[in-house]
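Subject: Handing over a structure

Hello,

I am passing a structure on to you, and I hope you enjoy looking through it. Please open it first, and then read my notes below.

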Amino acid sequence: MVSRPEEALADASLIYNQVFEEDRPGLIEKEEEAIKNRKVFKATIRIKEPSGGYRWSSFVSNPTLLEDGTTLWSGIETVVTDRKKIEETLLLFKESLERSSDAIGMSTPDGKHFYQNKVFSELLGDIKNNPKLAYVNENDFQEVFQTIKAGNRWSGEIKMYSKEKEILDIFLRAYANKDEHRKITALVGVHTDITEKKRSEEKIKNALAEKEILLKELFHRTKNNMQIILGIIELKSDTIKDDKMKSILNEISTRIQAMALVHQKLSGSKNLSHIDLKEYISELVDLISSNYLLNKDMIRFKLNLVS
């Protein structure tokens with residue numbers, strides 16, 4: 001480090017050694033250009049500190065050619081470390097916005113659009129300084145901006161115009177950005193395009209509705225077929241005098257009625273993969289007893305079932 005000005009005057013390399021290696025080429029280039037064109041030299045560079053860290057310094061200097069051919073630099077150094085840290089933070093913040101997969105736009109507190117990231121431009125286009133142009137429904141625009149202008153948050157699904165003027169389904173999160181004094185500094189909107197998602201959901205919804213109609217038709221036809229079969233068995237049973245054959249037909253009828261009971265429970269259930277077994281067994285016992293027992297009081301059933 002340079003401890004006295006006379007040391008720097010005697011050996012300029014002592015000054016350059018304090019400059020960050022990455023910043024030296026640019027510094028020297030600007031100095032040479034200033035000398036050549038006799039113009040004011042300006043540069044912002046990093047200077048090494050004795051502690052091992054560095055500071056950001058902004059130099060403004062004017063070169064003067066002396067009679068002996070040497071150059072006299074007269075200028076001022078301003079330490080701008082805090083400003084550079086803020087700039088770096090802002091740059092990082094802007095890079096994050098630009099890399100976002102969401103369309104992000106910002107407006108002034110009075111609603112004038114002043115920033116949009118790359119995705120916003122690709123999705124919604126250039127809306128100048130009027131966010132209202134992007135909204136399909138003006139009432140949506142009024143509700144969103146009145147809410148966030150009051151300092152509150154708003155989120156929900158809205159419809160907006162794309163860059164090609166197509167209608168998009170957008171999930172919007174909007175809020176007011178505030179400073180440490182709770183004063184609104186900007187209005188921010190984060191837009192997620194859910195158009196394809198909504199279309200897929202609509203297709204699934206329509207497909208399920210079609211399947212439900214087909215399923216109901218299938219249940220109806222199955223029920224009718226079982227009733228027809230039971231009717232035929234009952235008619236046939238009335239014409240047969242052989243008790244053994246009647247017993248066989250009665251057993252077949254009971255089995256079909258048992259299947260019809262399962263079918264009835266499934267068709268009336270919201271869950272086609274599940275039926276209430278307690279209710280089903282109770283009704284099945286009643287069915288069997290009515291088909292096989294002439295006197296129901298002779299046998300009583302005690303069921304211990306859990307749903």
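Here is what was found, going from the whole chain to its details.

This is a predicted model, so please keep in mind that local features need pLDDT of at least 70, that side-chain atom pairs count only at pLDDT 80 or more, and that totals for chains, interfaces and linings use all residues. Residues are numbered from 1 along each chain as its sequence is written, and side-chain values use heavy atoms, with hydrogens and water left out.

**The chain as a whole**

The protein chain has nine helices and eight strands; these are DSSP runs numbered from the N terminus, with helices being H or I of at least four residues and strands being E of at least two. Of its 307 residues, 29% are buried. Buried stands for under 20% relative accessible area, exposed for over 50%, and partly exposed for what is in between, using a 1.4 Å probe and protein chains only. The chain exposes about 21800 Å², and carbon and sulfur atoms supply 54% of that (areas by the Shrake-Rupley method with a 1.4 Å probe; for residues, only the protein chains shown count as cover). If you take the contacts (heavy atoms within 4.5 Å) between residues at least 6 apart in sequence, 38% of them join residues at least 24 apart.

**Aromatic pairs**

How many aromatic pairs does the structure hold? There are five aromatic pairs, counted for rings of Phe, Tyr and Trp (its six-membered ring) with centres within 6.5 Å; planes under 30 degrees apart are stacked, over 60 edge-to-face, and the rest tilted.

One of them is formed by Phe20 and Tyr54, a tilted pair with 5.1 Å centre to centre and 55° between the planes. Phe20 lies in the loop between α2 (13–16) and α3 (24–37) and Tyr54 in strand β2 (residues 54–65), so this pair ties together parts that are 34 residues apart in sequence. Phe20 is buried, at a relative accessible area of 19%, while Tyr54 is partly exposed at 37%. Ring pairs also link Phe20 and Tyr54 with Trp56 into a cluster.

Another pair is Tyr135 with Phe145, which is edge-to-face at 6.5 Å centre to centre and 70° between the planes. Tyr135 sits in the loop between α5 (118–124) and α6 (138–149), and Phe145 in helix α6, 10 residues apart. Tyr135 is buried at 8% relative accessible area, and Phe145 is buried at 9%.

The search of the whole structure finds one cavity of 30 Å³ or more. On a 1 Å grid over the protein atoms alone, a cavity is a set of points where a 1.4 Å probe fits but cannot get out; a pocket is an open set with protein on both sides within 12 Å along at least five of seven lines, and lining residues have an atom within 4 Å of a point. Points are joined across faces, edges and corners, and a volume is the space filled by probe spheres set on them.

The largest cavity has a volume of about 150 Å³. It is lined by 18 residues, and the closest to its centre are Pro131, Tyr135, Phe145, Gly189 and His191. Strand β8 gives the most to this lining, with four residues. The lining divides into 13 nonpolar, five polar and no charged residues, where Ala, Val, Leu, Ile, Met, Phe, Trp, Tyr, Cys and Pro count as nonpolar, Asp, Glu, Lys and Arg as charged, and the others, Gly among them, as polar.

The second largest pocket has a volume of about 160 Å³. Helix α8 gives the most, with six residues. Here the lining has four nonpolar, five polar and one charged residue.

**A few single residues**

Arg38 has a positive phi of about 50° although it is not a glycine. Arg38 is found in the loop between α3 and β1 (41–48) and is partly exposed, at 40% relative accessibility. Lys128, also not a glycine, has a positive phi near 55°. Lys128 has its place in the loop between α5 and α6 and is exposed, at 57%.

Best wishes
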